[in-house]
Amino acid sequence: MSPDMKPERFDVIISGASFAGVALARALRLALGDALKIALVDRARKLDEPTPDARAFALSAASKRMLDRLGVWHEIAPAAQPVTAIDITDSSLEAAVRPIILSYDNHLDRAEPATFIVPAKALEQALYASIGKDAALTFIAPAEAESFTAGEFSIEVALKDRPAISAALLIGAEGRRSASREAAGIKTVGWSYGQIAIVTTIAHSIPHGGRATQHFLPGGPFALLPLLGNRSCITWSEEEKEARRILAQDDEGFLAEIEQRTAGRLGTITLAGPRQSWPLEMHLARSYVAPRFAAIGDAAHGVHPIAGQGVNLAFRDVAALAEVLADAARLGLDIGSMQTLEHYERWRRFDSTLSAATFDGINRVFSSDHTLLRAARDFGLSTVDRIPALKSYFVSEAAGTAGSLPRLLKGEPV
């Protein structure tokens, strides 16, 4: 770019067309209208080319309310399976029968499901479609934010092989390896779990009835998430060496490993989708904000998938940041000022840290085959099974309806 050429100016630049990044773009456009000019930058994606993804998400009722308010839930609903109940087992891998230690109904008041299982592809397509024809949103891809310079009133972002752009605020939404977070000088704290996540889809002869099952096994949690039809998404954590052995097997051997873990619960099973895997780790950004910069989603926090809450935490970030920015803009305040951004950080940091610590603790306690520890945790689960109030608490937490909620998570406009 010529030294005399000024960077194209936007109000907000979002780096990363992740679920969180696209949802935030949509939320800000609905809240502030055509007056807000947004650039969405992604290094690989195209709006009309969804990425292959075998995952399914346990979307909370609060996330569903937000997506409904964003005008995308009607596109997702045909692929969404309400979770009617949750069963929890805790047994050794060799156990021929996996008795249910804790079981609870998964509905809020007025019979609203607390969670819905949604294929990643359906969520991505609906979100992308919501911004695809938005004239006030500029999608720049393939492109990557290499560095930026934060000034008193704006931030200038250098893009790889493209002209620089500027805005009042840059938002990092690229995921766990966020380049913009690193460019902002924000360090992370975290560790590897020594586990690998395995995801695939199975078809089965026995209907699931909308019930989700969490098997706690010594190698890590093995979850069966109900999908529409007689299908379930398996979200499986396994010790690294064992996971590599399992993944190296052909389809017949891989299916035999799944059959051992389902213990006949779903009858005859067959593979109904590809398998994907990735190493598991936890990380938390030491700060969610820097001058003219804010991080959301996995750029701010990466948690163990044991409770399937990663995408819900990201949507909580989206709802909180959209509300903070919209309120500041309506008051005529600088949306990129540290005063504005610190409001967002105070709202989200404690919840994210507590959630990460909780999921980490559950994984560590249940990924052990020690006899005394197994007896203690089974006693704890069976005690909860006899206390309806505790079950109701767990349901409300999974639904994301507890605590101080941003308006979007209550289904209200920003």
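Q: How many salt bridges does the count come to?
A: In this predicted model, the count comes to 22 salt bridges, each of them resting on a side-chain nitrogen of Lys or Arg within 4 Å of a carboxyl oxygen of Asp or Glu.

Q: Why is the pair of Lys-37 and Glu-8 called a salt bridge?
A: The closest N and O atoms of Lys-37 and Glu-8 are 3.7 Å apart, and the cut-off is 4 Å between a Lys or Arg side-chain nitrogen and an Asp or Glu carboxyl oxygen, so the pair qualifies.

Q: What makes this pair a link between distant parts of the chain?
A: Lys-37 sits in the loop between helix H1 (19-32) and strand S3 (38-41), whereas Glu-8 belongs to strand S1 (residues 8-9), and 29 residues separate the two.

Q: Why are Lys-37 and Glu-8 described as they are in terms of accessibility?
A: Lys-37 has a relative accessible area of 35% and Glu-8 has 42%; buried requires under 20% and exposed over 50%, so Lys-37 is partly exposed and Glu-8 is partly exposed as well.

Q: Where do Arg-330 and Asp-327 lie, and what makes their contact a salt bridge?
A: Both residues lie in helix H8, three residues apart, about one turn of the helix, and their N to O distance of 3.7 Å is within the 4 Å cut-off, so the pair is a salt bridge. Arg-330, with 44% relative accessible area, is partly exposed, and Asp-327, at 29%, is partly exposed too.

Q: Which residues do salt bridges join into one network?
A: Through shared partners, Glu-238, Glu-242, Arg-245, Glu-257 and Arg-261 are joined into one network.

Q: Why is Ser-166 called buried?
A: Ser-166 has 8% relative accessibility, and since buried means under 20%, Ser-166 counts as buried. Ser-166 is part of strand S12 (residues 162-167), and its contacts beyond four places in sequence are Pro-7, Glu-8, Arg-9, Phe-10, Ile-13, Ile-155 and Glu-156.

Q: Which residues have the most contacts inside the largest nonpolar core?
A: Leu-123 and Phe-315 have the most contacts inside this core, which has 114 residues. Helix H8 (residues 310-330) contributes the largest share of the core, 13 residues. Beyond four places in sequence, Phe-315 touches several residues, including Phe-19, Leu-59, Leu-123 and Leu-409. Apart from this core lies another, of 15 residues, among them Ile-196, Leu-224, Ile-234 and Ile-269.

Q: What makes strands S4 and S5 stand at the edges?
A: The open sheet has three strands in the order S4-S8-S5, with antiparallel pairing. Strand S4 (56-60) and strand S5 (81-82) each have a single partner strand, so one side of each is left without a neighbour in the sheet.

Q: How do you know that S4 pairs with strand S8?
A: Pairing requires at least two bridges, and five bridges join S4 to strand S8 (residues 115-119), so the two strands are paired. In one of these bridges, Ala-56 has Pro-119 as its partner in S8.

Q: What makes both faces of strand S13 count as covered?
A: In strand S13 (residues 169-172), Leu-169 and Ile-171 on one side and Leu-170 and Gly-172 on the other are all buried.

Q: Which strands do bridges join to S13?
A: Strand S2 (residues 12-15) is joined to S13 by four bridges, running parallel, and strand S21 (residues 293-295) by three, also running parallel. Leu-170 stands opposite Ile-13 and has Phe-293 as its bridge partner in S21.

Methods:
Residues numbered from 1 in each chain as written. Predicted model: local features only at pLDDT ≥ 70, side-chain atom pairs only at ≥ 80, totals over all residues. Heavy atoms only, no water. Buried < 20%, exposed > 50% of the residue type's maximum accessible area, 1.4 Å probe, protein only. Contact = heavy atoms within 4.5 Å. Core = buried A, V, L, I, M, F, W, Y, C linked by side-chain atoms within 4.5 Å.
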